[in-house]
Amino acid sequence: GAQAWSGVGSRFAPASRHPELVGAMGNAHALTREEVHSIANFSQRDITRLYNRFRTLDTDGNGQLDPNEILGVAELTENPLVQRVISVFDKDGNGTVSFIEFLLGLAKLTAGTSEEEKLRFAFSIYDVNKDGFISNGDLFRVMKMMVGDNLSENQLQQLVDRQMVTADQDGDGMLSFEEFKDAVKNIGVAEQLSIDLRAY
């Protein structure tokens, strides 16, 4: 239950002694040192509150959030990029978000997270095929989610082409993380990617 989660932040290693934790965590061995560290930054109170929120969202009680359950969150239903956020949270690519994936995703958006980490999260929203670069096609797909039918395909492609030409410093037709970082440095992307855990 929730009590078992209360110690994850400060005592991550002993999780194997708690079978209910191991089941909810999935494959804990797949976590990197940085991921364990980011989860450890949550207080016991934060983890308990987030676990309770997760369980509330998990309407079928299977320990995984599917897209429909996540879309049931009022704050997210209006966000055109919610499917991309779900995809970024879903580290193992199984189409659902486990509690650990939920924690890892939220850890990238909390107040104490560095601007660099928040920008990496934003970059991954645009890197649709997860190849480490934002291609013209990646940018087109994400922009299409954002503008819907407000622009024609031609207008949208022209906008995407202009953005790519402006940001693609080495002319290889793709944006690296460094090029993305330079392109968005003046628009406050990191500040927009901050959540207040007390709201959960």
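Modeller: Helices are DSSP runs of H or I, at least four residues long, numbered from the N terminus. The model shown here is predicted. In that numbering, T113 sits in the loop that links α8 (99-107) and α9 (115-126).

Colleague: Is T113 buried or exposed?

Modeller: Buried means under 20% relative accessible area. T113 counts as buried because its relative accessibility is 11%.

Colleague: What does the side chain of T113 reach?

Modeller: The side chain of T113 comes to 2.5 Å from the backbone oxygen of A107. Apart from neighbours within four places in sequence, T113 is in contact with A107, K108 and K118.

Colleague: How is empty space found in general?

Modeller: A probe the size of a water molecule is rolled over the atoms, and this shows where empty space is left. In this structure, the second largest pocket holds about 750 Å³ of space.

Colleague: Which residues lie nearest the centre of the second largest pocket?

Modeller: They are E35, S38, L104, K108 and E117, out of 28 lining residues. By class, the lining comprises 7 nonpolar, 10 polar and 11 charged residues.

Colleague: Which helices supply the lining of the second largest pocket with at least two residues each?

Modeller: These are α3 (33-40), α7 (82-89), α8 and α9. The largest share, 6 residues, is that of α9. Domain 1 (15-108) and domain 2 (115-193) each contribute at least three residues to this lining.

Technical notes: Residues numbered from 1 in each chain as written. Predicted model: local features only at pLDDT ≥ 70, side-chain atom pairs only at ≥ 80, totals over all residues. Heavy atoms only, no water. Buried < 20%, exposed > 50% of the residue type's maximum accessible area, 1.4 Å probe, protein only. Polar contact = N/O pair within 3.5 Å; in protein donor to acceptor, adjacent residues only side chain to side chain. Contact = heavy atoms within 4.5 Å. 1 Å grid on protein atoms, 1.4 Å probe; cavity = no way out; pocket = protein on both sides within 12 Å on 5 of 7 lines; lining within 4 Å. Points joined across faces, edges and corners; volume = space filled by probe spheres on them. Nonpolar A, V, L, I, M, F, W, Y, C, P; charged D, E, K, R; others polar. Domains from an automatic or database assignment.
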